[in-house]
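Me: I'm new to reading protein structures. Could you walk me through a few features, starting with the general idea each time?

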Amino acid sequence: MPVSRREFLKISAALLAAAKLATPLNVIAAVASQAKQASIVESSIRYVKSTCAHCVNFCGINIKMENDVIRAIYPDPERAPFYNVGICPKGVAGVFNTYNPYRIKKPLKRTNPKKGLDQDPGWVEISWEEAFDTIIGKLQAIRDDDPRKLIWQHGHGKYLIGDKFPKAFAKAFGTPNLVHRTTTCEAARHVADELTWGYHGFLPDIEHCNFLLNFGGNYFEAEQFARWLDHATTDAKERGMKIVVIDPRLSTTASKADEWIPIRPGKDVVLILGLARLLIQQNTIDEEFLLSTTNATALVADDATLLKDREGRVLVWDEVSKSAKPFIDGVKPALRGSYLVDGKTYVTAFQDFSDSIASITPAYVAEVAGIPEKKVRWLAEELARQAKIGATVIMDGHKLRYRPVAIHTFRGLSAKEFGVQNWRAGLILQMLIGNIDALGGINLHDVYKKPQYFEPSKAEYPPRSVDLRESVFFPHATHHVAQQVALTVLNPQRYGLEYTPEMQIFYATNRPFSTSDTQKQFESLKKTYNVVIELVMSETAQMADIVLPDLSYLESWHLSPTRYTPHTKHTAIRQPVTNAYNIPHDAYSILWQLAKGLGILDEYINNINKQWKLKKHPLKTGRDYTAEQFVEQIWMEKSKGKDFAYAKEHGFIGQHLTVEKTYLSGVEKKFKGPGKLKMNFYAEQLVHTLSNVKQQKKQHRLDMIDLDRYQLALSPLPKKEHGFPTPHREAKGFPFYLITYKRMYRNQSGNTALNPILNALGPDVQENFVLINRKSADELNIKTGEQVIVETRVGKVQGKAKVVEGIRPDTLAVSYHYGQQSLGFPEDARQGIWINSVLENYSDVVSGMESFNDSKCKLIKV
């Protein structure tokens, strides 16, 4: 492509400087090869609107193209009123992931049958035709035998082409084994939401919030909704909103807060329940919200079930008639108390909860959570004061509850053995102050969208799927159990699986590298035939039998996922601006070719229409669709009248939500008042799920089911015992708590490890460290930069120490997306500590969530 001499010299100098700073990679190979052929002409510049897919924020971007070469990526200013104002370093540097000379460019076939991270696969390049013929032959043999023997796994692939295509393919093929990554992300939080209010997803109403209590969320670096929360909270602080961050580590977000409270890892639930006790004791609770909208008034029997009438309606104690009745017109439910009904004693759910937390005094919280008693009392008082309980405002003619306090979390409360109960405690605390769907509180997404979440799990056995979701092992795992797949593949008979998996397809996921107890994860890949669709030679790709190259998000079409806010939503596309290495396929067309080769294309198309809910503009059977043609079809379905030319020019369409939609269509509409279902203050479905688990254990003699553990995890109310995960109780002689965290410079697929611009941001970006408090470092005679060994009950890793003030003395922290092991990466991209390899795995048995933050360890100076 022709470029101007001035621009070429400028870009080359910048790239060379970056490469000298960070890596010996020949990062300017692509540009240099173009320049050799270039005639020196004046530049032609244009801008293309699209959506970033480097992470799950899906920011609007404006791509600068010069003579069809990507020169820069900026945030799209038109998207700012609807989501992101800026973009992160990964998004800015995305151009180098596309032009990366270390990308996989052609299909590869393994010639060394021995698999391992220390084994050279002996790759040979093959044609796309040979690759498709080989894969289709394997798939056809499996489909003829038992289609359940195929496993499809995706991680970020869900957001590159959407999970609806893989779901449609799996359905057409006949396998139940499609697995996403949510249990390595925030699944426990989702399941807690589902059990409590019938769907998942919430956001703090930052625009009207005055006090934000953040448990371990790090939105100034990297998490869902980070690129909205970063600027929204900054604006809110400027108008006076206060932020308190509760986190063992002084995160970037904590550093920008008004107060950082360094809690002992895993003890958040104890603090939350202690705050609830103080609010109840001081009667600073929103009784009207509890009475009208939640089942806190339901009568609980001594077997933990709720009292119901013959029609199955939950009964409350009516203070008017002095009898047990369903909450209908004319009934005044009692919130507190114990009552005699037909000779049996019942207590209200609220009373049951209040009694259960009576021993969680500020002194107890201080002892267990490591927070001064005075600070615990202050926090409860501040929550009550800031919540303005009883206040209302009029907005756009609607009377709204005004509770300008919100609690936020992401993995902070969820990445734990009892993650569901951790966030259930957070939801109950917010029910006490009545801030749910209130102005300035937390805003729930699609309340009661799935009524089945209020039902107990059947706890099925034998399990249908290889990840054991919704089985007796993980009865409420509605979001797949990503880390379990490998364990089941290693020993399917142990879990009662009725078939033995033979083949796995991995799309844009480095799952074995990204979970805990990783040795077992990689060992499982020796037992299956593996196909990997990926940009770079990740660790998972190194264990493949065939590797297929993929297009980057700057090279491919998609109707992009987007993020909403409490007041906006938008529909967006992603459109290609280049094809750096003339790669003919991405996952969309790969799936299309596989379906066609297997003779299931029409069934695949019909399933696509169902998955995307295409009614006005469905795909037609008997013909092919390019990715662009499909995106046009679905844009016309979803865009409400805007043509596809508009999509190409603007990249999105946005919508501002009404006051009624934001505040009155959720719990107010679905749960408030007599005669309506109630939000689950008390999660009775877990009681019945436990009964089903016990029945399955007895019937099938499932010795691996630890009923004590399941009974604790499936409690209808959170307990202080949920603050004591297995490693904290059992790992004697391991004095440090070990936590992990995420930085915005890396992801675990590995492609960011090859990015010279990200690595050029500073020497501490290329590798990670063991963060240790100065006091503890002095006791162990450890200094910054010295080599140390982190040892858990699983294994050992070695890396550099970094002595800091901003972490508890009893805690170590290591960011979790470094220490790449792939032989396909240059040495400079393999720096740092692979901390996941030594983390213990005690998945939350309710949701299947990984317990990333529950391990304990020793620290040894080398």
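Predicted model: local features only at pLDDT ≥ 70, side-chain atom pairs only at ≥ 80, totals over all residues.

Me: Let's start with helix H5. What span should its 18 residues have?

Reply: H5 runs over residues 128–145, and at 1.5 Å a residue it should span 26 Å. Its end C-alpha atoms are 26 Å apart, so the two agree.

Me: Which residues of H5 are buried?

Reply: First the general idea: an α-helix has 3.6 residues a turn, so residues three or four places apart point the same way. Now the case here: the buried ones are Trp-128, Ala-131, Phe-132, Ile-135, Ile-136, Leu-139 and Ile-142. They cover an arc of only 125° around the axis, which means they sit on the same side of H5.

Me: And what does the face turned away from that side carry?

Reply: That face has the exposed residues Glu-129, Asp-133 and Asp-144.

Me: What do the buried residues of H5 pack against?

Reply: Their partners include helix H7 (164–173), helix H22 (587–598) and strand E23 (546–549).

Me: Can we look at one residue in E23? Is Leu-548 buried or exposed, and why?

Reply: Leu-548, which lies in strand E23, has a relative accessibility of 1%, so it counts as buried; the cut-off is under 20%.

Me: Which residues is Leu-548 in contact with, leaving aside neighbours within four places in sequence?

Reply: Among them are Trp-128, Ala-131 and Ile-135, which are also on the list of buried residues in H5. Others include Pro-107, Val-532 and Ile-590.

Me: How many residues apart along the chain are Leu-548 and Lys-106?

Reply: They're 442 residues apart along the chain, yet their C-alpha atoms are separated by 6.8 Å.

Me: Now for a pair of helices. At what angle do H11 and H17 cross?

Reply: In general, two packed helices are described by the angle between their axes and the distance between the axes. Here, the axes of H11 (residues 268–281) and H17 (residues 419–433) cross at roughly 20° and come within 9 Å. That makes H11 roughly parallel to H17. The crossing is left-handed.

Me: Which residues meet there?

Reply: From H11, they include Ile-272, Leu-275 and Leu-279, and from H17, they include Ala-425, Gly-426 and Leu-429.

Definitions and conventions:
Residues numbered from 1 in each chain as written. Heavy atoms only, no water. Helix = DSSP H or I, 4+ residues; strand = E, 2+ residues; numbered from the N terminus. Expected span 1.5 Å × (residues − 1). Buried < 20%, exposed > 50% of the residue type's maximum accessible area, 1.4 Å probe, protein only. Arc of directions from axis to C-beta. Contact = heavy atoms within 4.5 Å. Axes fitted to C-alpha atoms, helices over the stretch in contact; angles between N-to-C directions. Parallel < 35°, antiparallel > 145°, perpendicular 65-115°, else oblique. Left-handed = near helix turned anticlockwise from the far one by under 90°.
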